[in-house]
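Morning, everyone. Let me put the model up, and then I'll walk you through a few spots in it.

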Amino acid sequence: MNSLFDLSNLYGLACNIWPRFPYDIPQLQTALKPFLYLFNITNQCNLNCYYCCQKTSLTRNRPELSFEDIAGIIKKLPRYAVIVFSGGEPLCRDDFTQLLQETRRLKRKTALLTNGLLLNDDIICEMIQNRLLNIGIAIDGDKYYYEKIKGRGNYAVVMDNVDRLAYHKKKAKSSFPAFDWKVTVFPENVSRLPLLYQQAADHGADSFTVSFPKKNEFQFNDCLHDIAVLDCEPVSNGNYRFPENIEDIYKELFSIARTSRTRLRTYPQMKQAEDLKNYFETSAIQKRYSACRMPWSGMVISSTGEAYPCLSVRIGDLKKQSLAQVLTSPENIRFRNQLKKRSLFAICDGCCYARLKPVLKPCRSSTPADILSATAPATLLQWIMPLKP
């Protein structure tokens with residue numbers, strides 16, 4: 001896939017540009033509706049990962065949306081919508097392929113977040129035929145680490161399914177769905193990230209996404225609250241002790257990214273490894289992260305049809321309301337107004353949509369020896385347009 005026009009670049013560009021107008025001009029909030037919808041179509045899962053942000057008895061025991069409910073909600077979303085099916089595990093639904101077909105019939109774009117264990121030839125062919133844009137598969141480590149979390153024998157299954165995906169894409173001469181190899185980063189697997197990045201590239205991944213675990217229970221969780229939760233001081237989900245050389249590990253990732261065809265994505269978003277300092281800092285969040293406009297470009301739909309912006313604040317119910325009614329609800333207007341006023345909330349810390357502020361590197365003036373040690377064209381190019389991952 002052309003690196004100038006790959007999905008990661010287009011997604012990042014859209015997230016930066018799309019919210020600018022409705023953010024500054026409230027009258028455009030319903031004219032320019034969000035384009036990205038994370039739709040948790042089930043609360044069931046075939047795994048029991050300890051770090052899952054949806055792992056609560058409350059979410060898993062609630063009734064599922066029917067096929068007709070989901071189709072009805074999709075009809076309410078704008079034609080330009082990109083709908084990311086998530087869960088739970090979306091492939092636990094027996095009607096998943098029918099949902100793909102219905103979404104294409106309704107002329108909406110789709111993507112999928114999955115653990116990959118329930119993929120098979122029929123499902124993969126349906127994804128290709130129905131023009132799924134992207135599939136994100138969680139593969140957090142090597143065989144030993146993966147099976148410690150997700151069960152004995154499952155590593156061979158998921159890697160076989162990754163190969164099946166590559167086979168069917170090649171057979172159909174299709175670049176889609178783009179394959180995003182996803183890793184949740186913990187102290188136990190962080191040292192393996194460079195090797196996993198190379199492995200992802202060897203298996204034809206279009207992108208390699210590394211994410212820190214959620215810092216609190218209010219991020220992307222279907223257990224919804226009223227807006228008072230925005231004033232909460234977050235209680236950490238876990239005090240993880242990452243190794244002191246984590247910045248060096250991330251520097252190696254960014255170095256690999258400069259020449260790899262597999263694009264590196266980091267959550268929270270950062271431009272360089274040095275920005276990790278702001279992630280681990282404990283100062284006010286506004287000092288460490290850029291102001292967030294993501295709720296103007298994206299929305300989450302729970303497994304019961306309720307809507308929330310990203311933080312678990314109930315702003316409406318798309319099973320009962322139109323999208324315009326949700327966007328203009330008192331809860332959503334209050335949420336957006338408070339976010340504009342504060343830039344971020346304390347419970348936003350570590351959110352995958354958040355952007356870490358860049359940490360300035362110490363300047364080092366060039367000496368004549370530095371200039372002579374490199375070829376002139378390369379040196380000029382680096383000064384004019386520094387290499388980016």
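Predicted model: local features only at pLDDT ≥ 70, side-chain atom pairs only at ≥ 80, totals over all residues.

Residues are numbered from 1 along each chain as its sequence is written, and side-chain values use heavy atoms, with hydrogens and water left out.

Back to α8, then. Which of its residues are buried? They are Asn 154, Tyr 155, Val 158, Met 159, Asn 161, Val 162, Leu 165, His 168 and Lys 169. After α8 comes Lys 173, with a positive phi near 55 degrees.

Stepping back, the protein chain has 16 helices and ten strands (DSSP runs numbered from the N terminus: H or I of at least four residues, E of at least two). Of the chain's 389 residues, 51% are buried. Take the contacts (heavy atoms within 4.5 Å) between residues at least 6 apart in sequence: 74% of them join residues at least 24 apart.

Now α5, residues 96–105. Buried here are Phe 96, Thr 97, Leu 99, Leu 100, Glu 102 and Thr 103, and they pack against α4, β2 (82–86), β3 and α6. Lys 107 follows α5, and its phi is also positive, near 65 degrees.

Take the α4 side first. The axes of α4 (67–76) and α5 come within 10 Å and cross at roughly 25 degrees (lines fitted to C-alpha atoms over the stretch in contact, angles from 0 to 180 degrees between N-to-C directions). The two helices are therefore roughly parallel (under 35 degrees). From α4, Phe 67, Ile 70, Ala 71, Ile 74 and Lys 75 make the contact; from α5, Gln 98, Leu 99, Glu 102, Thr 103 and Arg 105 do. That's five nonpolar, two polar and three charged residues (Ala, Val, Leu, Ile, Met, Phe, Trp, Tyr, Cys and Pro are nonpolar, Asp, Glu, Lys and Arg charged, the others, Gly among them, polar).

How do the axes of α5 and α6 cross? They do so at roughly 5 degrees, coming within 10 Å, which makes α5 roughly parallel to α6. Phe 96, Thr 97, Leu 100, Gln 101 and Arg 104 of α5 meet Ile 123, Glu 126, Met 127 and Gln 129 of α6. This contact divides into four nonpolar, three polar and two charged.

Leu 118 sits between β3 (109–114) and α6, and at 33% relative accessibility it counts as partly exposed (between the buried cut-off and exposed, over 50%). Beyond four places away in sequence, Leu 118 touches Asn 46, Glu 89, Leu 91, Cys 92 and Ile 123. Leu 91 is 27 residues away in sequence, yet 6.3 Å away, C-alpha to C-alpha.

Ala 346, in the loop between α14 (330–342) and α15 (368–372), is partly exposed at 28%. Setting aside neighbours within four places, Ala 346 contacts Cys 232, Glu 233, Pro 234 and Ile 285. Ile 285 is 61 residues off in sequence and 6.3 Å off in space, C-alpha to C-alpha.

Key: Parallel < 35°, antiparallel > 145°, perpendicular 65-115°, else oblique. Buried < 20%, exposed > 50% of the residue type's maximum accessible area, 1.4 Å probe, protein only.
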